[in-house]
Amino acid sequence: MSSPKDPLIIEAGRAEAHYWRDLWRYRELFGFLAWRDILVRYKQTAIGVAWALIRPLLTMVIFTVIFGNVAKLPSGPLPYAILVGAAMLPWQFFSNALSESSQSLVSNANLISKVYFPRLILPASTVVVSLVDFAISFVILIGLMIWYSYAPGWQVLALPVFVILALLAALGPGLLITALNVKYRDFRFITPFIVQFGLFVSPVGFRSSVIPEQWRLLYSLNPMVGVIDGFRWCLGDSSGLDLPALAISLSTAMALLIFGVRYFRKMERGFADVI
Amino acid sequence: MKEAHISVDHVGKRYSICHKGAVGRFASFRDVLMSGVTRPFRRQSTPAESPTKEDFWAVKNVSFDVGQGEILGIIGRNGAGKSTLLKLLARITEPTEGKITLRGRVASLLEVGTGFHPELTGRENIYLNGAILGMSRAEIRRRFDDIATFAEVEQFLDTAVKHYSSGMYVRLAFSVAAHLQPEILIVDEVLAVGDAAFQKKCLGKLEDASGSGRTILIVSHSMSVITRLCSRAILLDKGTVTHDGKVEEAAHRYLEASHNSASASWHPPTPVGDTIAKIHGARLHDLQGNSPPVFSIGAPLCCTIDYELAASAKRALPAIQLVNDAGTIVFGSAAFQLRTSERIGCLSATCLVPAHLLAEGYHTLSIGLVSYNPNTLHAFEREVLALLLIDDTTGDGTRGDAMGQWPGVVRPKLEWMFAA
């Protein structure tokens, strides 16, 4: 949509001329799509939004029992349940955002082949839906803290920073996979695998201090390591913020995001032809 | 001259079609990986080994301009490139070559109810669909009542659309689209929805839109819709424009091409019929004997049939049957007036259809030779003649100077007077 004074020119290879401005113009559509997904998500379920609480809660209970009580891994100053909770919520957010965004193009194929809008809106709006789920499930963490009469310090104010980091970490691979999925439906099977594998590779059930010192930086290549450690630090895990590791996590996330956006933009023009 | 709202300059769109499916539409990642792995071990790929890739130009070298407030019809057979052209204009897919300039807000309507979600209520879907079609939240809110009233679903606004009847669903979907107010509207076949009354409403809505200065591009297979709405049309064939000009001419060429070359005249290579009665040919013409591409319903229409009768078939009569666009038989007529003559040999008979009788639209004529009492069908050639009738709205017809749809299988001019 452009004003009459400003003609819109369509030419091969020219689609990107006003891309970012277009993206801003279509912000309402972005909002509506996110709103649709939120509305639809728990329709016709008996307990509705409670699912956003039950899923992370049950996984948390299992992890606490297995890693804390059975394997007796060190918990540091935090109660083990809070330790797991502080990791499980960002992890669930990440895995939901990743799996939803990587399906976003194919599940909206009818829109892509019939209407124009910057396609970036689709994966981005699914991430927002996961963010809402995350906000709801945050109630669990608050509940846990009340249960253990535990109050976090000033660090908790930095929490949004790590939420954004988790969001970016999910969006990068999400964009990449959803663009690939348009052409190669194989990626539908790859995402669940990444998510399942990542749950054990990331420090969800244990503290990252369990990893031997010499491997720590390599381990931080996983962007979720930075996010989870950051979450724990915000909630008062005393070990302090490992800044070099965080920097590595952040740069992996950013690199993936830049690569994801670039690849997405490159493939975007052909989506309607192959979907 | 006003600046063109849409200008299309030598636009082409190429698709690659693969015959061996290897790197086709739903290529599997494995295939790509495998071909990457095995390539070094293969000799320079011979043409027989590599999947045969073929270039296919869905649209090629298409150029046209559309001025402000103009309604341009796009017609063509299936696969002629109409939908691809619309997709290019709607920015859904990118042209391979050429340039399109659009001046104004564009909304495209390639499908009714794009993005409708069955789980959402009517109200929610109006907002969602409106946003998808490019309306802002404020705009939708402003027109919300109009949309609901137009769709006749006010009572069910808070019901999930999956519980709607298909008619309600389509009406709601079209209603949202009909309330779009872009400067350029691109419409594909969507008028083929709903019952007749609703279609009429939709056509009226489109006419209003163009009246208020909007530019409309419309693709349809219904010649009566195209000829009613547009003054100009382009005819696409195999991706190229074969005609750009008056809609009647374009419609006629399209019908000629798409109906097995049925046209205003028909002359089979050998006469058809049984041993005693044969038809040599037939043609449609006006009173002056001309066969224009399009006939006006305001002038008489003549159909001349050349036939041959043996002495044993001297009671046989030529007959015609007129079928309209919808497949309805408008009338059948046999030449009973000529039966008394009992002529034989090569004959020629003309049937005169009076002016102001038929409705506009595409019609076909079947020609036969029949004997009655006992009944014998000597020859019957189905839909060999075709004609396009238009109502040129000069004001002397049934519809007077009324615009809009005028339904009915026939359009006779009847007498009206004040009752005494």
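Student: Which residues of helix 7 of chain A meet which residues of helix 8 of chain A?

Tutor: In this predicted model, A:Ile177, A:Leu180 and A:Asn181 on the side of helix 7 of chain A are in contact with A:Phe187, A:Arg188, A:Thr191 and A:Ile194 on the side of helix 8 of chain A. Sorted by class, the residues of this contact are four nonpolar, two polar and one charged.

Student: How should I describe the way two such helices lie against each other?

Tutor: The general idea is that two packed helices are described by the angle between their axes and the distance between the axes. Here helix 7, which covers residues 159-183 of chain A, and helix 8, which covers residues 187-201 of chain A, have axes that come within 9 Å and cross at roughly 150°. Because angles over 145 degrees count as roughly antiparallel, helix 7 of chain A is roughly antiparallel to helix 8 of chain A.

Student: What area do chain B and chain A bury between them, and how many residues does each chain give to the contact?

Tutor: The size of an interface is often given as the accessible area lost when the parts come together. For chain B and chain A that area is about 4,100 Å², with 60% of it on carbon and sulfur atoms, and the contact draws 47 residues from chain B and 42 residues from chain A.

Student: How many salt bridges and polar contacts are found between chain B and chain A?

Tutor: The rule finds three salt bridges across the interface, and eight residue pairs are in polar contact, both residues of a pair being at pLDDT 80 or more. On the side of chain B that touches chain A, the elements giving two or more residues include strand 1 (4-18), helix 1 (29-38) and helix 3 (122-132) of chain B. That side of chain B has 20 nonpolar, 12 polar and 15 charged residues. As for a named salt bridge, the side chains of B:Glu94 and A:Arg269 meet in one, at 3.6 Å from N to O.

Notes: Residues are numbered from 1 along each chain as its sequence is written. Chains are lettered from A and ligands numbered from 1 in the order in which they are written. This is a predicted model: local features need pLDDT of at least 70, side-chain atom pairs count only at pLDDT 80 or more; totals for chains, interfaces and linings use all residues. Side-chain values use heavy atoms; hydrogens and water are left out. Axes are lines fitted to C-alpha atoms, for helices over the stretch in contact, and angles run from 0 to 180 degrees between N-to-C directions. Helices (H or I, at least four residues) and strands (E, at least two) are DSSP runs, numbered from the N terminus. Angles under 35 degrees count as roughly parallel, over 145 as roughly antiparallel, 65 to 115 as roughly perpendicular and the rest as oblique. Contact means heavy atoms within 4.5 Å. Ala, Val, Leu, Ile, Met, Phe, Trp, Tyr, Cys and Pro count as nonpolar, Asp, Glu, Lys and Arg as charged, and the others, Gly among them, as polar. Buried area is the accessible area (1.4 Å probe) that two parts lose on being put together, summed over both. A salt bridge is a side-chain nitrogen of Lys or Arg within 4 Å of a carboxyl oxygen of Asp or Glu. A polar contact is a pair of N or O atoms within 3.5 Å; within protein, one must be able to donate a hydrogen and the other to accept it, and residues adjacent in sequence count only if both atoms are side-chain atoms.
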